[in-house]
Amino acid sequence: MGSEMCIRDRLWDANTGNPIAVQSPPPLDAYGRPSFGKVVFSPDGSSVATRFAERTFIWNIDSGEEIIRLRASDAPAGEDPRTTDGLAFHPGGGLLATTQNTSSRNPPGALVWDLTSYQPIDQFSAHTAIVTDVDFSPDGSLLYSASHDGTIRIWDIEQQVLVDTFTGHDSEVLSIDVAQDGTRVASVGASGALVWNAETFEVIASLSGHVGPIDSVELSPDGLFAVTASRADGTAKLWTLAAPTEMMSAFAPADAGDASPGGGGALVFDPTGATVTVAQGAQLISWSFPDGERNAAFPAPGDQVSELVIDHSGT
C-alpha cells in the first residue's frame, strides 16, 4: 500500500490525490448534518480511527469495513456522553486515547481504551474545563491532555497518576503535538502558539502572527520546524524553531488576495518532512518544505475540511 491521506471520511492516495475508499454513511449530529472530527492512523497503518458525532469509529484500511465503534455509553458508569474530537493511538498500537468531557460529578479528562477488548481501562481526570486534545509521548509512557482550562496535563500511563502540568497558556488550549523525539511539545489555542521543552517546561518559542485563535499545530519530523493553522484568519504559517525563531512562510489560497476565514484549520506533514499539506476551504494545497513553494492542489470532499492525517507507517 502506498502513502495514504485520510480526509474526513475519505481515504486518498497522497501521491496522486485520487480517492481510494469512502467510509460511509457518516453519522449525523444533533441537527441532522454529517459530523466530522479528528482522524488518526494506527501505528502499523492497518486501521484508522475517526471521531463522528461524539463517537469513535475504527475502520480497517484494506477492506474499508468498520471494526468497532466506541460509544460514550461504553465509558465508566455515571459519565455524561459529551465528548470532543481529541484522540491518539498509543505508539505500541494496543491502546487508544480519547477526550472525555463528563458531568459535574466527574472532571473532564481522557479515556484510554484497550484495543483488544475495546473497553476503557483508564480514566485520567483533573481538568476543570473541556478537554480538547490528547497525545502520547513517543515511548508511550506519558499521555498529554489539553483543555479549555488553559493547562496541559501530563500523565504516567503505567502508574495512572498525574506527573506534571504545563501552565504557559493564559486561555484555552485547542491542539497539541509531541515531537517524535519527545523533547519538545507544541501547543496552540486562543492566546497563541507555544513550543516548550518537555522536561523543563521552558518555553522555547512563542509564535505570534495569526489573527484570532489557532486551531492546529504540527511539528516537523525533525522537530526543528512547526506549522500552525487558523480558521479565523484562513492561513497556515511555517516557523523555524532555530534561534531566532521566525515565520518563514504564510500559506493562503492562491485565488484570494485576502485570507479566507474558515479555511486553513487542518494541516499535516508527510512522513519525510518534505511537504506539508494544508486544507484551504474546498481544496487541499501541498507545499514544499521548508522553502514554502506551492507544489500542487486538488479538490477536497464537500465545503470544508476539518482534519487531515497521513499514514506514517510506510506500508
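Colleague: Phe 166 and Phe 201: buried or exposed?

Modeller: Buried means under 20% relative accessible area, exposed over 50%, and partly exposed in between (1.4 Å probe, protein chains only). By that scale, both Phe 166 and Phe 201 are buried.

Colleague: What pLDDT do side-chain atom pairs need to count?

Modeller: Residues are numbered from 1 along each chain as its sequence is written, and side-chain values use heavy atoms, with hydrogens and water left out. This is a predicted model: local features need pLDDT of at least 70, totals for chains, interfaces and linings use all residues, and side-chain atom pairs count only at pLDDT 80 or more.

Colleague: How many aromatic pairs are there?

Modeller: Rings of Phe, Tyr and Trp (its six-membered ring) pair if their centres lie within 6.5 Å. Planes under 30 degrees apart count as stacked, over 60 as edge-to-face, and the rest as tilted. By this rule the count is five.

Colleague: How many residues apart in sequence are the parts that Phe 166 and Trp 196 tie together?

Modeller: Their rings are stacked, at 3.9 Å centre to centre with 5° between the planes. Strands (E, at least two residues) are DSSP runs, numbered from the N terminus. Phe 166 lies in strand 15 (residues 161-166) and Trp 196 in strand 18 (residues 192-197), so the separation of the parts they tie together is 30 residues.

Colleague: Which residues do ring pairs link into a cluster with Phe 166?

Modeller: Phe 166 is buried at 3% relative accessible area, and Trp 196 is buried at 0%. Phe 166 also pairs edge-to-face with Phe 201, at 5.9 Å centre to centre and 90° between the planes. Phe 201 sits in the loop between strand 18 and strand 19 (203-207), so this pair ties together parts 35 residues apart in sequence. The cluster joins Phe 166 to Trp 196 and Phe 201.

Colleague: By what angle are neighbouring strands of the open sheet turned against each other on average?

Modeller: This open sheet has four strands in the order 16-17-18-19, with antiparallel pairing. Strand 16 and strand 19 are its edges, each pairing on one side only.

Colleague: Which residue in the hairpin turn has a positive phi?

Modeller: Two strands pair if DSSP finds at least two bridges between them. Strand 16 (residues 173-178) has five of its six residues buried, and it runs antiparallel to strand 17 (residues 184-189) over five bridges. The two form a hairpin with five residues between them; the turn residue with a phi of about 80° is Gly 182.

Colleague: Which residue's backbone oxygen does the side chain of Thr 132 reach?

Modeller: Thr 132 belongs to strand 12 (residues 131-136). Thr 132 is buried, at 13% relative accessibility. At 2.6 Å from its side chain lies the backbone oxygen of Val 173.

Colleague: How far apart are the closest N and O atoms of Glu 66 and Arg 69?

Modeller: A salt bridge is a side-chain nitrogen of Lys or Arg within 4 Å of a carboxyl oxygen of Asp or Glu. The structure holds two. One joins Arg 153 and Asp 149 at 3.9 Å, N to O. In the salt bridge of Glu 66 with Arg 69, the closest N and O atoms lie apart by 2.8 Å.

Key. A polar contact is a pair of N or O atoms within 3.5 Å; within protein, one must be able to donate a hydrogen and the other to accept it, and residues adjacent in sequence count only if both atoms are side-chain atoms.
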